[in-house]
Amino acid sequence: MTSKTTVKTLLILGASGDLTGRLLLPGLAGLLATGRVGGLRLVGAGSDPWTARQWKERVDTSFAAAAGAAESPGRSVLDSVAASTEYHQVDVTADGRLADLLARLEGPVAIYFALPPEISQKACALLRRDQLPAGTRLVLEKPFGAGLESARELNKVLAALVPEDHIHRVDHFLGKATVLNILGLRFANRFLEPVWDRDHIEKVEIIFDEDLALEGRARYYDHAGALKDMIQSHLLHIMAFLAIDAPASIDERDLRDAVAAVLRASSIKAPFQDSTRRARYTAGKLGERTIPDYAAEPGVDPARNTETLAQVTVEIDNWRWKGVPFILRSGKAMGHKRKEAVVTFRPVPHLPVGFSGVDSPNHLRIGFGPDVLQLDVDVNGPGDVFTLDRASLITELNAAGMLPYGEVLEGILTGDPLLSVRGDTAEECWRIMEPVLRAWAQDAVPLEEYDAGSQGPAAWGTSGGRRDSGHTGSGSPTAASHGG
């Protein structure tokens with residue numbers, strides 16, 4: 001069942017929490033400022049006893065930047081939403097409390113569960129289909145469930161409440177700009193697709209290294225760790241978009257079917273000492289900041305052995321990718337922020353005798369903030385034309401017109417499930433990761449250490465080579481600029 005009903009009320013559960021203030025409300029503000037969504041009422045609800053004034057101050061603060069940059073129609077929409085918003089103190093795990101609130105709201109309603117996964121699951125289990133206004137959309141943050149079994153149970157609960165296309169499992173990494181940049185690169189360039197396979201590609205790395213430490217998120221992060229928080233929740237889907245076969249269209253069914261096919265073919269093979277790595281940061285410096293040992297951070301239980309850096313090698317057992325390692329890595333408190341996919345091509349089978357210098361594999365880099373495409377190639381060097389040198393062709397990819405959560409919310413409010421995670425693929429991501437989680441829980445893979453502000457444990461090396469301003473050789477890079 002597909003519906004294009006426009007949402008009238010956006011209900012944010014967990015409205016007093018960090019996610020709402022830091023990401024959701026600024027994203028909503030950017031969307032409202034475009035003028036593409038009108039007639040929306042914003043309602044916040046949370047367990048904290050906030051006053052109407054406290055909530056209004058949070059909304060006004062979060063809307064301020066977008067209002068300052070918006071044109072008159074956009075400012076008018078922002079002012080209207082901010083003026084009519086309200087806050088309710090609600091315990092969503094108490095039977096009937098959320099249903100009572102929904103009965104007072106104008107439908108269709110989008111219920112955004114900006115809550116820990118276990119709380120969201122309890123709240124959904126207490127609802128009945130007849131308690132939901134017609135056209136209700138359920139929006140849940142990843143990680144979706146706490147494991148494969150809980151994800152399956154949650155999917156059953158949600159399916160009893162609303163149709164699948166009314167369920168939005170949010171992955172803000174799948175903003176339209178990111179996804180469409182990958183798909184456009186893959187399928188709009190004839191020269192690239194014929195070499196996008198096991199015969200020409202040696203490995204693919206997807207790296208999301210942050211130069212941020214725990215930043216007060218121990219309550220959530222110490223129970224999740226890098227493997228669940230980033231690789232399971234986000235990087236597996238980025239991998240799937242890089243690996244899919246060409247869909248007939250970018251309609252949500254065609255595209256999400258292609259993603260599901262890749263994930264069903266994916267696994268992390270034992271022994272996990274070889275295919276996975278984990279580490280935790282110790283005290284160090286990030287720029288001018290002194291970072292304490294992760295185990296000493298407030299709210300952290302050292303006995304959990306929570307990793308802050310994780311790396312796994314995924315194998316995709318299909319015709320196109322058999323034997324090509326997909327290396328997914330994410331870490332906190334790293335010395336350099338790095339968000340990119342690196343495709344390493346196989347070396348040429350024969351280099352004509354007479355060339356000197358370094359003939360290294362070509363790399364294609366797709367940056368995710370900044371959105372940059374970089375192709376590293378070997379060319380004749382300056383001076384001695386028989387000496388090979390490395391040059392980089394660089395172009396800026398078209399960035400989104402608004403924040404990632406603005407793109408997410410637009411799909412929710414207009415009824416477009418294209419960039420939401422489908423129920424079967426949410427389960428597949430857990431299926432891929434659960435053997436690793438079990439092995440780590442049994443200490444089958446050692447928990448290594450690295451200094452905050454470093455590149456990780458020295459023995460790990462540097463995946464894919466770090467991108468440095470587009471120049472990796474001794475000669476001058478060739479730069480092509482395209483603002484689009």
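Accessible areas here come from the Shrake-Rupley method with a 1.4 Å probe. By this method, the protein chain of this predicted model exposes about 21000 Å². Carbon and sulfur atoms supply 53% of that area.

**Overall form**

The protein chain contains 12 helices and 19 strands. Its radius of gyration is 24 Å, close to the 23 Å that the globule rule gives for 484 residues, so the chain is as compact as a globular protein of that length. Of the 484 residues, 52% count as buried. Among contacts with a separation of 6 or more, 79% are between residues 24 or more positions apart.

The charged side chains number 52 positive and 63 negative. The centres of these two sets lie 3 Å apart.

**Nonpolar cores**

In soluble globular proteins, nonpolar side chains tend to be buried together. The largest nonpolar core in this model has 106 residues. Leu 11, Met 239, Phe 326 and Leu 328 have the most contacts inside this core. Helix 8, which covers residues 218-243, gives the most to the core, with 14 residues. A second, separate core has 34 residues, including Ala 15, Leu 28, Ala 66 and Tyr 87.

What is Met 239 in contact with, leaving aside its neighbours within four places in sequence? The residues are Ile 206, Val 262, Leu 263, Ser 266, Val 314, Ile 316, Phe 326 and Leu 328.

The table sets out the accessible areas of two residues.

| Residue | Relative accessible area | State |
|---|---|---|
| Ala 65 | 64% | exposed |
| Ser 275 | 11% | buried |

Ala 65 is found in helix 2, which runs over residues 52-69. Is Ala 65 buried or exposed? With a relative accessible area of 64%, Ala 65 counts as exposed, because the cut-off for that term is over 50%. The C-alpha atoms of Ala 65 and Gly 96 are separated by 37 Å, and these residues are 31 apart along the chain.

Ser 275 is found in helix 10, residues 272-275. Its relative accessible area of 11% is under 20%, so Ser 275 counts as buried. Not counting residues up to four places away in sequence, Ser 275 touches Ile 268, Lys 269, Gln 311, Val 312 and Thr 313.

Conventions. Residues numbered from 1 in each chain as written. Predicted model: local features only at pLDDT ≥ 70, side-chain atom pairs only at ≥ 80, totals over all residues. Heavy atoms only, no water. Helix = DSSP H or I, 4+ residues; strand = E, 2+ residues; numbered from the N terminus. Rg over C-alpha atoms; globule rule 2.2 N^0.38 Å. Buried < 20%, exposed > 50% of the residue type's maximum accessible area, 1.4 Å probe, protein only. Contact = heavy atoms within 4.5 Å. Lys, Arg positive; Asp, Glu negative; His and termini not counted. Charge placed at Lys NZ, Arg CZ, Asp CG, Glu CD. Core = buried A, V, L, I, M, F, W, Y, C linked by side-chain atoms within 4.5 Å.
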